[in-house]
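This report describes the fold of one chain and the way two chains meet.

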Protein chains: 2
Amino acid sequence: MATIDLKTLLGMAIKTQRASLGISQEELAHRAGLHRTYVSDLERGVRNPSVDSIEKLARALELSVSKLFERASE
Amino acid sequence: MATIDLKTLLGMAIKTQRASLGISQEELAHRAGLHRTYVSDLERGVRNPSVDSIEKLARALELSVSKLFERASE
């Protein structure tokens with residue numbers, strides 16, 4: 001069985017939480033102080049974000065960083 | 001009250017877990033496939049590691065990424 005990359009799982013967790021907050025990628029990017037295309041890339045798991053970026057995103061998603069990774073590993 | 005940077009807290013959590021495993025920075029670096037000076041920098045919170053690097057470190061520390069961040073936020 002192929003294992004799914006953690007960056008991909010993190011992207012899925014970001015997308016799911018963004019949807020549950022009912023906000024667009026653009027709005028999430030605005031709240032996190034990141035670029036919209038960067039948020040789009042993160043949701044698709046094609047970027048390798050740093051702790052600083054993940055912290056900004058988690059805050060904008062109203063989750064702790066540990067909770068975000070916990071969801072990414074479920 | 002000044003808030004402590006997440007990178008600093010993460011570094012402390014890495015150092016604490018490394019100590020509890022009884023291994024050196026060099027051994028941790030070897031297990032994680034990272035450079036020893038990079039591990040030293042991470043423990044001091046002066047680097048902004050990516051998801052890929054954190055995943056390698058967490059595995060070498062025998063912790064999940066979410067658990068490592070949970071310890072960093074305690």
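The model is predicted.

**Chain A**

Chain A holds five helices and zero strands. Read from the N terminus, its elements follow the order α-α-α-α-α. Its radius of gyration is 11 Å, close to the 11 Å that the globule rule gives for 74 residues, so chain A is as compact as a globular protein of that length. The C-alpha trace of chain A spans about 35 × 25 × 20 Å along its principal axes. Of the 74 residues in chain A, 38% are buried.

**How the chains meet**

Two copies of a chain are related by a rotation about an axis and a shift along it. Here, chain B is superposed on chain A by a rotation of 180° with 0.0 Å of shift along the axis, at an RMSD of 0.0 Å. This is the relation of a two-fold axis. Both copies use the same surface, since 100% of the contact residues of chain B recur in chain A.

The contact takes 15 residues from chain B and 15 residues from chain A. On the side of chain B that touches chain A, the elements giving two or more residues are helix 1 (6-21), helix 4 (51-60) and helix 5 (65-72) of chain B. Helix 5 of chain B gives the most to that side, with four residues. By class, the side of chain B that touches chain A comprises six nonpolar, five polar and four charged residues.

| Helix 5 of chain A | V65(A), S66(A), L68(A), F69(A) and A72(A) | 160° | helix 1 and helix 4 of chain A, helix 1 and helix 5 of chain B |

An α-helix has 3.6 residues a turn, so residues three or four places apart point the same way. In helix 5 of chain A the buried residues are V65(A), S66(A), L68(A), F69(A) and A72(A). They cover an arc of only 160° around the axis, which puts them on the same side of the helix.

The largest nonpolar core has 36 residues, of which L57(A), L68(A), L57(B) and L68(B) touch the most other members. Apart from its neighbours within four places in sequence, L68(A) is in contact with A13(A), A58(A), L61(A) and L63(A).

Most residues other than glycine have a negative phi. E62(A) has a phi near 60°, a positive value in a residue other than glycine. Where is E62(A) found? It is in the loop between helix 4 and helix 5 of chain A. With 11 C-beta neighbours inside 10 Å, E62(A) counts as exposed, because the limit for an exposed residue is 12 or fewer.

In chain B, E62(B) has a positive phi of about 60° although it is not a glycine. E62(B) lies in the loop between helix 4 and helix 5 of chain B, and is exposed, with 11 other C-beta atoms within 10 Å.

Conventions
Residues are numbered from 1 along each chain as its sequence is written. Chains are lettered from A and ligands numbered from 1 in the order in which they are written. This is a predicted model: local features need pLDDT of at least 70, side-chain atom pairs count only at pLDDT 80 or more; totals for chains, interfaces and linings use all residues. Two residues are in contact if their C-beta atoms, placed from the backbone, lie within 7 Å. Ala, Val, Leu, Ile, Met, Phe, Trp, Tyr, Cys and Pro count as nonpolar, Asp, Glu, Lys and Arg as charged, and the others, Gly among them, as polar. Copies are superposed by least squares on the C-alpha atoms of residues with pLDDT of at least 70 in both. The radius of gyration is taken over C-alpha atoms; the globule rule is 2.2 Å times the number of residues to the power 0.38. A residue is buried if 20 or more other C-beta atoms lie within 10 Å of its own, exposed if 12 or fewer, and partly exposed in between; C-beta atoms are placed from the backbone. A nonpolar core is a set of buried Ala, Val, Leu, Ile, Met, Phe, Trp, Tyr and Cys residues joined through C-beta atoms within 7 Å. The arc is that of the directions from the helix axis to the C-beta atoms.
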